[in-house]
Structures are given as C-alpha cells and as structure tokens.
Amino acid sequence: MFASITLMAGFLGAVSAGRCSRPDSPTCQAFMNTGGVMPNLTVAANNSEFHTWRPKFHAQAPNSWQNDPVSLYYDETRGMYHVGYQYHHAHVNWGNISDAHAFSPDLVHYYDIGDPYNPLMLGPSTEYDSKGVFSGGAIENGYMGYITSMYTSVTNATNWAQANNSGVESQSLAYTPDNGVTWIKVDEYNPVIPREPDGWNITGWRDPLLFRDPALAAILGDDPEQVYCPIAGGIQQVGPRLSLYKADNSDLTSWSWMGPFLYPEANSTWNEKWSGSWGVNFEMGGLFTLQDESNQTHFFSTFGTQGGREPGNGNYALFATGSMSKSSNGSAIMDISAVGIVDNGNSYAQNSFWDTKESRRVMMAWTPEDLNSYGILAQGWQGALVLPRELFVKTITGVTNPASEVEEKAAWTYEKESNGSYTLKTLGQKPISELVSLRNTSVCSTIPPQAVCAVADFVDDGFGYKSLYNASTKNYEMQLSIDFSKDPSAAAGVVLRKSQSGFCEYTSIWYDAAEEYLYVDRDQSSIYSPYITNTTIQTKFRLWEIKGEREQLNLRIFVDNSILEIFANDVLALTTRIYPYLEDSNEIGLMVKNGSAQYSDVTVWDGLDNAWPERPYDTSVPLVWDGPEITDNGRLWVGN
C-alpha cells in the first residue's frame, strides 16, 4: 500500500520560543506521565527491552551479539544474495565468534538460513579455529569449483595493543556444496595460510577478502582469473599494513605472499580534517576497481583503522585511491592520490563485493551499539548491518572554488580544465536503488518549499525550530534539499525523534555552511543520555561552487528506531545510534541558526517495510554466561 498526502503551509507549526528541557529536569508532559522515573535497565530482566530499540528494515541477527558482514556474494544459480555476519549466539558481547547468514532476493528483504533463532553458518570446531571464526570473504568457482569462503581462524586472544600476537591468527577455507546452505571446512589443507610473514611482530593479521580483478592481473602479469587476497594487520611500533596474497592453484589451497601494498607510518594521516588517521592496525581491508563515466579504471581500497581515533569508538573507516604498479620483486604497490572517510559515524568493518546481478559494487558494514554497555542484557542483542550502499566514482565538474580549496591533499583527485574550472573525482556512495521498495507500505508526506529563519535562544544552541510532521512509526525515510546560497554563513538542518510535548528527547542534524561541517547532536537524544553515549558527531563536508554557484545540500535520511543513517550529495555517509525512550518521540522539524535557509523537496515516507517477512516477531533467546574456565578468567572474552 502506498498513500500520499501534501502538508500545506497552514498545517505547519509556527516557530516557537522557550528554553530546552534537560532530561534530568522533567518538564515535558510525556515524561511527567511516567512519574519522572526512568526504569533502571541495569537490573531489568534479560530480553525485557528486546523490542524497545530494535530496528525493522535493517539486516540484523535474530538476537545476541552481531558484528562484521562476511561472505557477501550473489549466487546466479539460486538467484539469491548471500549475506553473512559475525555472531555470538546467546551472548550480548563479543566472544568465541561464529558466522551466521541469510539469503536475500534483493538486499532489502532477508530470510534466515536454517534455524531462525540461530542461523549458524560456521563456528569454532577445530584446533586451528578453537578461539574464533573471524571475518572473511567468499568467491565463486573456488575450492573444487564450489563457492568458497576464506576466514581468519584463531587459536588464542589477539588485540592490536597486546605485545605478542604471533601465530595466533591463520587463514582457512570452507566451501558450500549446496549453494550457501551448509558450509564445510577444508580440514585436509587448513589453515591454507598458516601464519604472518616471517620477521613481522604483528598488531594483527586477519580478514581475507577474496577477489578477482582483471585490471590488477594485467598489471601484475597474471591470468585474468587469478584469485587474490588482501590481509589486514600491522607491525608493532612501525605501522598498519595491507598485504596482498595470490593463490598458487585453482583450489585456493596454496598461497604466495606478495608483500604489502599499503604501508603508512603508525598514527600518521593523509590529511587530518578530511582523512582521519591511519592508526596502528588495519582490519577488513578490501581492494577493488571502479570505472568512471569515461570507462577509466580507478583502484580503491577500503579498510578500518584501529588505535588512532579518540574520542569515539577508536576506529576509522577509510578509503584510499591511487594507481597500482608492479614493483621490482613482483609485488603490487598503491601510489596513493586521495584518502577519505567512508563513514565518520558509528559504522565499521566495511566489506564490499561485485554484484554480478546488477553489475555494481555493493558495500555493507557493521553498526555497533552506542549504549556504553547500559542495559544490554535487558536488550538481549547488540549490533546490525548498515543499509547496502552502491560504490561508484563520483565526478564533479565545473568546480570554481579557489585553488587553495581544490588542490589540497584530501579525499578527492582533481584536474584543472582549460577554462580554469576543476573536475574532481572521489568515492561516491548511495543507498542501493532497491531500497525504494521499502516505501511500498509507507504513507508519503510532502511539504511545500519554504524559508526558515533563526530565532535566538530557542534551544540550547540558539536554533530556530519549525515543527513539520508527527511520524506514526519509528521507521521512516526523509529526503530534503537545503539552499545556502542566499546566506553562506547559515547553519541549517532537521530535528528528528523529538518528543511532541517538549524537548525532553530530540536529535538534531545540521550543516554549518561557513565551517563546512555536518553535525549530529545527540546530547538529548534519549532520557538515558546520562548513562549512554551521547557525543556530538561532526564530519568535514564541502558544498562546492559549481560555475560560481554553491551546491545545494541534498540529504537522504533513514530512521530505523535506534539506527540513523544520513547520506549527502552521494558522497558523504554517516551512521549513528540514538535511543529515544518516550512513546511520543516521533516529531520531525526544521531548524536554522545564524540567518536563514531555503528548504525544498521535503518528503517523508512513514512506516517503511519489514526486512524480515518470515522471521518470528520475538526471536529472543535465553542468554548464557561463559564462566572463568571458558574465558580463562576473562582473558579471552568478557563472558556474557
């Protein structure tokens, strides 16, 4: 069902005045109705808040702990995508990790494979992976011609900050004889890459993401069907590394190390404001090519960096682009030309694959919780995957910004044209086109174009506010455009998940045109803000001057209960987590600071579809505690 209504100007709430109400000062009627008492979730029963912040239209485990996406591919025989993910059944924290999985016909709707309460794909079962089946990738026509996954097999605790990680991680194979339903480890040969390179005192050595790439094979003088494997990690006191391996045979049971193709200095940066930090250890390192509109080939690598980011979750999700060449010893080297942040919010472990069905590059990633461990037993689960994103070469032509802004070392490459303008290229990303089908069950509301002016002293940060719409669900999509051309010093955006009876809870998203930063203010996103993470997220983002006129800010925002995903101009992506608790926290509004901004194309699709049409509503399971004999007194993992 798809309905449409238009909200005329007469239905828009007027700009109001007044002070913001802090969560610990319950002046809002909705909060007063609860008696001003927040339930203490640290003593609440296990799974008692299972549905409170649970998303509806994201790829998510049925329960328990979830992290990295793994073994992503499209199976032409079955006509299904295979989506795996890291999973710790019946526990709410990371531990002796396994893989679980699902099928999807469209990367929008998903179906658990096997037991809907425990859709296990692979788990620790042998001496070589007794302490974990870590992340990896899959490839068609692998071992004995079957779809094959390579994963990191682990035998002991490992952490980039610990002194000795040698010999803990290896790389092993599993194949599926029935197109993704069951997976069999290749015990005869595993681990097929038994340890890190000789002489490396490693910070880590994991996440084999298998791939074929004819462009890389041509540079290295290999067969077009050659299988490669990047492995992420680093060297203690030296820096992070992405190493490249290549298979010695078609069964993928023998491999040769080619050397590192990315090898920055520890905790250095390409450009701090645009590119984050290289950190000290890499994870989930992928290598792939994309074609631009002129069929020019561009090499990209995506990877997570550890140890170089504070505050926040300590990790960056980055990309690098540049030319690839063959060194004198036959290894591959990337000559970097740009480095950028893939997602500067609460998203990590990016994993992408070539979608043979739609001829495109699709990326998925993990969004962990941001609860600061508050109430996680009551919730009974942690983590989800972000919405699938298409990666492409984003080309911006006719750029007329000053050379000092264009020709800096940043997240894009540039070419100066004969007319004096610039052409820029960077990594583009946008939600896959199939996600519009989520709107089929929604009510669509469109709001007429309008200007909104700032009203000083309305909320803590001095924003003017105009109420637009009260959503009937916690699961919606919003699109809008904001024009800053008439007031380049303005800061403007939207307010989401606001409590209707006051400012007890709200989250604001706004762009400062003068500072060139996008902000997500979570200070009052939840009445539980004193206990959970509520830091403001900011990310550098430029609206370019195109033939003398500044670009509009085009936002596409997905709200799925506690998951907030923001896309801007097909370049920026930012994921974060919010935890409103009040039932009436569904108001949407516009906000402006320092002048005025023109809003247009404002549309809300309220009530997006369920991504799991056959999964039971309540998939919670009894939670398990691993005692000290299992966790080695907490050395291996937490236990719950």
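## Close-up views of a predicted model

**View 1. Q237, an exposed loop residue.** Q237 has a relative accessibility of 79%, so this residue counts as exposed, the cut-off being over 50%. This is a predicted model. Look for Q237 in the loop that runs between β13 (227-235) and β14 (239-247). Its backbone deserves a check too. The phi angle of Q237 is near 65 degrees, which is a positive value in a residue other than glycine.

View 2. What is the phi of N594? The angle is positive, about 60 degrees, although N594 is not a glycine. The residue is found in the loop between β40 (585-593) and β41 (596-606). N594 has a relative accessible area of 43%, so it counts as partly exposed: that class lies between 20% and 50%.

**View 3. A cis peptide bond at P191.** Which residues does the cis bond join? They are N190 and P191. Omega is about -10 degrees here. P191 has its place in the loop between β10 and β11 (202-206).

**View 4. An open sheet of 4 strands.** Follow the strands in the order β7-β8-β9-β10. The pairing is antiparallel. Strands of a sheet pair through backbone hydrogen bonds. Why do β7 (133-139) and β10 (184-185) stand at the edges? Each has a single partner strand, so one side of each is left without a neighbour in the sheet.

**View 5. The β8 and β9 pair.** Strand β8 covers residues 147-154, and strand β9 covers residues 169-176. How many bridges link this antiparallel pair? There are 8.

View 6. Which strand gives the largest share of the lining? Strand β16 (residues 281-291) does, with 6 residues. Sorted by class, the lining of the second largest pocket holds 18 nonpolar, 11 polar and 6 charged residues.

**View 7. The largest cavity.** A search of the whole structure finds 4 cavities of 30 Å³ or more. The largest cavity holds about 390 Å³ of space. It is lined by 26 residues, and W274, A411, K540, F541 and V571 are the closest to its centre. Several elements each supply at least two residues of this lining, among them α3 (272-275), β19 (332-341) and β24 (389-399). Also on that list are β34 (537-540) and β39 (572-577). The largest share comes from β26, with 4 residues. By class, the lining of the largest cavity divides into 14 nonpolar, 6 polar and 6 charged residues.

**View 8. Two buried cysteines, C229 and C444.** Are these residues buried or exposed? C229 has 0% relative accessibility, so it counts as buried, the cut-off being under 20%. C444 has 6% relative accessibility, so C444 is buried as well. A disulfide is a covalent bond between the sulfur atoms of two cysteines. How many disulfides does the model have? The count comes to 0, with a cut-off of 2.5 Å between cysteine sulfur atoms.

Notes
Residues are numbered from 1 along each chain as its sequence is written. This is a predicted model: local features need pLDDT of at least 70, side-chain atom pairs count only at pLDDT 80 or more; totals for chains, interfaces and linings use all residues. Side-chain values use heavy atoms; hydrogens and water are left out. Two strands pair if DSSP finds at least two bridges between them. Ala, Val, Leu, Ile, Met, Phe, Trp, Tyr, Cys and Pro count as nonpolar, Asp, Glu, Lys and Arg as charged, and the others, Gly among them, as polar. Buried means under 20% relative accessible area, exposed over 50%, partly exposed in between (1.4 Å probe, protein chains only). On a 1 Å grid over the protein atoms alone, a cavity is a set of points where a 1.4 Å probe fits but cannot get out, and a pocket is an open set with protein on both sides within 12 Å along at least five of seven lines; lining residues have an atom within 4 Å of a point. Grid points are joined across faces, edges and corners, and a volume is the space filled by probe spheres set on the points.
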